[in-house]
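Here is a short briefing on one protein model. Look over the sequence and the structure first, then read the points below.

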Amino acid sequence: MGSKAILLSLSSIGILIFGLSSCPTMSEAQADELNDSVATHPSFIVQPVISLALQPTVNVDLVPQSNGSFGATTAKLSVSTNSAEGYSLYMSTVDGSPNLKNSDISQSSFIGPTTAGVNQQNFATNTWGYSLDTLDNKTYYPVPTSTDNAIKQVSTGSLKDTYDLTFAASVDTSIASGTYTNAVIVSAIANPVTISSLSQLVYMQNMTSEICANTAEGVSKQLIDTRDGNAYWVEKLKDGHCWMTQNLALNLTEAGLSPLDSDISDEWNSRSTYPPQATNQIALNGTHNAYTRLDTNSWSWGKVVLAMPEAGTACGKSIYSSDNIGEVCAEVGFVDVSGDDWKPTFTAKQGTFVRPSGLNYNGLIAVDQATKTYDAHYLIGNYYQYNTAVAGTGNITEGADAPESICPKGWRMPNGVADASGSRFHLLKTYGLANRGQYGDSGSISAGNYNIAAAPLYFVRSGYTLQYQSVASGLGQWGTMWSSTLASGGNGVMLEFSNKALTPARSSYTGAGGGYNDGATGEPIRCRAID
């Protein structure tokens, strides 16, 4: 840290204060450097900085008198910062002592601290203190011995604030002559920006329940997952919760996940915790074995967008085929947007999508074929087995919710069963008609009277992956999403939907607007900010 010395000398008895220093101080970085990501708009973080300038030398002449002699000297102190939240100014003695000590160690006399809030008229003899006042009749305080409390707090940014930093002392003839010293450090810290809304966030992992609660309904932002640099659209929805409004696309690797950035309490590696066993995946007669709910497989079918969110035509592919879903299912509207020429700058709207066969589709479209841009809300994401989605914690009681997930830290998979908190998928039906998509609020979730494919839900019919049948199925026709809830017989509770509507329940452990599926099935997930 750079420093500058300010010298205060009081002649006759030779009081000398040396070592007043100022330090250009930079606050701690609030976020790591951005990684490459699929973000629509790059974000650049400008760190808050602060600087101090302090006059290096000031002098004062002081002749002691029997009834006290007062003297003061002023140094110009300048502070500037780019922090919108302002700064805090600190001062303290270096050695933790409040006194000015005689440099002659054989002398025990000292000049002690003044009492707080005194002016020149009632300044006690053989004491010293400081003031930041610009008025002639200044109020003085003892110099702090620590930086526990700021001597000045400013709540707004400033190109330059200038202070009169005045030091004063009153001495009489009762103390020994000599040089009295102490070192005083002046420093400033830029106040951290207070994040109070989703719109101020950059990273998924910085979300808190307070931030979500302070965010107005309908606020939408693309946030970056620090684990891999992927960016996801999130929004404060009608149910009062903050949701991801696109599917998770986290690739699980041998490195596993850490509780530092994931919704888990301990280090977790899917392959070492529950290694997939072939005998658990396919029984001898071809019937799927329910115990595979403890498997932890996942699939990434590439960077693919469903270009026709409202169309309802099915497609499938072998999971062992190297063909991209964007190639195999192009006719039903799946588009591979992994090339560098594709950009996520499009907003879904009514228009025309031209299929490879030349047949036009007219309706809501999520890509612009001419400009090669797409709406990232409709990326299909990755597919995870139930026990993978819940980070290996799926060996729980039937009807219970797994306690952890592969969601980012601060986020969690939604539960699939109705409870008092209302924290479940089907409460998203409570949307009104506030020009943000058609959503019924009549209480009927299976009537199909609202368009869940449109903003702000952006549900994508990305189908599911059936490992025991070796296919990715239902693409373009059905959509599924795992909840954290375990159904019976190795099944997981899920949200299931067609092109525009949620389907009726299929299990006693689903409640309205859900269904169940074998835990070995690969399904997408979306995360909700933790309350």
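A residue counts as buried under 20% relative accessible area, as exposed over 50%, and as partly exposed in between. The model discussed here is predicted. With these cut-offs, Lys76 is partly exposed, because its relative accessibility is 43%.

**Salt bridges**

- The structure contains 6 salt bridges. Side chains of opposite charge can pair when their charged atoms come close.
- One of the 6 salt bridges joins the side chains of Asp164 and Lys76, with 2.4 Å from N to O. Asp164 belongs to strand β12 (residues 158–171) and Lys76 to strand β6 (residues 69–81), so the pair links distant parts of the chain, 88 residues apart. Asp164 is buried at 13% relative accessibility, whereas Lys76 is partly exposed at 43%.
- Lys372 and Asp341 also form a salt bridge through their side chains, at 2.6 Å from N to O. Lys372 sits in the loop between β24 (367–368) and β25 (373–374), and Asp341 in the loop between β21 (334–336) and β22 (349–354), so the pair ties together parts that are 31 residues apart in sequence. Lys372 is partly exposed at 32% relative accessibility, and Asp341 is partly exposed at 42%.
- A salt bridge between the side chains of Lys101 and Asp95 has an N to O distance of 3.9 Å. Lys101 is partly exposed, with a relative accessible area of 42%, and Asp95 is partly exposed at 45%.

**A sheet of three strands**

- Strands β20, β29 and β28 make an open sheet in the order β20-β29-β28, and the pairing is antiparallel. β20 (315–318) and β28 (464–466) are at the edges with a single partner strand each, so one side of each has no neighbour in the sheet. From one strand to the next, the twist averages 20°.
- β28 and β29 (residues 471–475) are joined by 3 bridges. Leu466 is opposite Val471 in β29.

**A hairpin**

- Strand β30 (residues 479–486) pairs with strand β31 (residues 491–497). The pairing is antiparallel and has 5 bridges. Thr480 has Glu496 in β31 as its bridge partner.
- The two strands, β30 and β31, form a hairpin with 4 residues between them, and Gly489 in the turn has a positive phi of about 60°.
- In a regular strand the side chains alternate between the two faces of the sheet. In β30 both faces are covered: buried residues include Met481 on one side and Trp482 on the other.

**A buried threonine**

- Thr388 lies in helix α5 (residues 386–389). Thr388 is buried, because its relative accessible area is 0%. Its side chain reaches the backbone oxygen of Asn297 at 3.0 Å.

Notes:
Residues are numbered from 1 along each chain as its sequence is written. This is a predicted model: local features need pLDDT of at least 70, side-chain atom pairs count only at pLDDT 80 or more; totals for chains, interfaces and linings use all residues. Side-chain values use heavy atoms; hydrogens and water are left out. Two strands pair if DSSP finds at least two bridges between them. Axes are lines fitted to C-alpha atoms, for helices over the stretch in contact, and angles run from 0 to 180 degrees between N-to-C directions. Buried means under 20% relative accessible area, exposed over 50%, partly exposed in between (1.4 Å probe, protein chains only). A polar contact is a pair of N or O atoms within 3.5 Å; within protein, one must be able to donate a hydrogen and the other to accept it, and residues adjacent in sequence count only if both atoms are side-chain atoms. A salt bridge is a side-chain nitrogen of Lys or Arg within 4 Å of a carboxyl oxygen of Asp or Glu.
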